[in-house]
Amino acid sequence: MADIATKIVTQNFGNEAAKSIVEYERLGGYAALRKALATDRGAIIDEVKKSSLRGRGGAGFSTGLKWTFIPKEAKSSYLVINADEGEPGTFKDRALLAWDPHLLIEGALIAAYAIRASHIFIYIRGEFVREHSIFARAVEEAYAKGYLGVRILGSEFSCEFVVHRGAGAYICGEETALLNSLEGKRGWPRLKPPFPAVKGLFGQPTIVNNVETLMNVPWIATHGGDAFAALGVPKNGGLRLLCVSGHVDKPGIYELPMGVSLLEVIEKHCGGVRGGRKLKGCIPGGSSMPILTAEECDVAVDFDTLMTSEKIRPVESKPGEIFHFGGRPLRTMGGSGGVIVFDETTDMVAVCARIMRFYAHESCGQCTPCREGTDWLARITTRMAEGNGRPGDVDLCESVACNIAGNTICPLGDAAAWPMMAFLTKYRPEFAAKIRTAA
């Protein structure tokens with residue numbers, strides 16, 4: 001595991017000059033691209049696979065393996081950068097775009113070269129006005145220097161870069177909804193298969209990667225996959241960004257080795273729970289991830305441990321039954337790295353109601369279980385948070401969540417169902433206390 005002083009994607013945070021291509025080149029920028037263009041494409045993919053770099057957007061899928069899904073007979077493909085950051089509790093991509101735009105461009109170009117992509121598209125969240133301006137300027141600089149366009153750096157590789165702004169829809173963070181939006185259609189998720197790697201943007205093979213994911217690629221191209229893997233823990237290579245908010249003394253963005261303890265993040269790096277209060281709970285990966293109690297927070301923050309650790313109480317979907325995800329008991333997930341900390345004064349019913357209202361508002365309405373179920377959960381939990389719960393509300397919330405989970409085209413339904421199940425499992429007495437009894 002890496003020393004906590006090691007930094008990859010945040011090393012230029014605070015350096016205003018690094019936003020310009022002149023300073024970025026002076027710091028060694030685009031050397032990794034030059035090296036990659038002289039390397040066999042398959043060798044680049046092999047290094048990324050060896051690195052154990054996993055997608056930082058939420059699912060944590062192997063990046064190198066994902067790149068191999070492009071059909072071998074495909075003459076060209078597209079690379080799409082998902083910068084539509086909308087998960088509550090997550091605020092890393094906007095900082096990455098603002099502080100080090102050329103690192104993202106370089107990482108995307110190496111990835112595009114590896115998968116034979118003729119075009120790179122970045123889908124930037126509509127609210128990121130400042131970040132869009134900074135990044136668009138960096139793209140212009142890259143074109144002017146010959147890093148984008150025809151025969152890049154005198155090689156046979158040509159690639160165009162398209163900057164596209166979204167309109168603030170959470171659902172467009174889902175990769176197929178994003179692709180539909182890029183095509184000018186309504187941002188509704190697509191049924192899979194076919195998967196984007198086979199039939200994606202404009203019907204062409206497409207790889208969709210997160211901002212943070214691609215910004216690690218130049219380091220891997222320079223130092224090798226084994227070196228990156230050694231920075232983390234087995235099957236979880238490198239460092240990752242954790243966006244810590246809530247009741248801590250020092251909230252912010254922290255780049256830490258994969259496998260660091262969640263409790264260490266809170267107590268050591270973030271200065272502990274504010275005001276000297278006790279920790280009550282923590283969401284480890286954005287609001288769609290199941291919450292952990294204070295007793296469960298001494299756990300490694302990597303994709304596998306959070307899903308399998310015996311330290312975490314499995315989420316029950318019905319009394320005596322374990323809710324399964326991917327064939328394993330659902331405990332929680334690393335998600336997008338949005339760590340939300342709650343102290344002992346927190347009303348967990350109010351927190352749950354706020355999360356349910358968000359997903360009800362952001363549901364695209366395509367799937368009935370999500371469209372109707374999220375609204376139902378929002379109305380019931382809000383009523384309970386106001387102290388007007390009715391007998392049977394707790395069981396009803398549980399039943400609705402169980403009927404949403406796994407029954408929708410995209411994971412937005414699960415994003416509401418999983419937290420609901422977790423809050424009821426971990427803090428059920430608080431919900432029961434909100435039920436009004438007849439006088």
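The exercises below cover a sheet and a pocket in this predicted model.

**Exercise 1. Work out the order of the four strands in the open sheet, and how they pair.**

Step 1. Some background: strands of a sheet pair through backbone hydrogen bonds, either parallel or antiparallel.

Step 2. Here the order reads 3-2-1-4, and the pairing is parallel.

Step 3. Now look at the edges: strand 3 (160-165) and strand 4 (206-210) each pair on one side only. Neighbouring strands of the sheet are turned by 20 degrees against each other on average, if you ignore direction.

Step 4. Zoom in on one pair. Strand 1 (residues 77-83) and strand 4 run parallel and are joined by five bridges.

**Exercise 2. Describe the second largest pocket: what is its volume, and which residues lie nearest its centre?**

Step 1. Start with the volume, which comes out at about 280 Å³.

Step 2. Next, the lining has 17 residues, and Gln-11, Tyr-24, Leu-27, Gly-28 and Leu-103 are the ones nearest the centre.

Step 3. Ask which elements give two or more residues to this lining: they are helix 2 (31-37), helix 6 (101-114) and helix 10 (217-223). Helix 10 gives the most, with four residues.

Conventions. Residues are numbered from 1 along each chain as its sequence is written. This is a predicted model: local features need pLDDT of at least 70, side-chain atom pairs count only at pLDDT 80 or more; totals for chains, interfaces and linings use all residues. Side-chain values use heavy atoms; hydrogens and water are left out. On a 1 Å grid over the protein atoms alone, a cavity is a set of points where a 1.4 Å probe fits but cannot get out, and a pocket is an open set with protein on both sides within 12 Å along at least five of seven lines; lining residues have an atom within 4 Å of a point. Grid points are joined across faces, edges and corners, and a volume is the space filled by probe spheres set on the points. Two strands pair if DSSP finds at least two bridges between them. Axes are lines fitted to C-alpha atoms, for helices over the stretch in contact, and angles run from 0 to 180 degrees between N-to-C directions.
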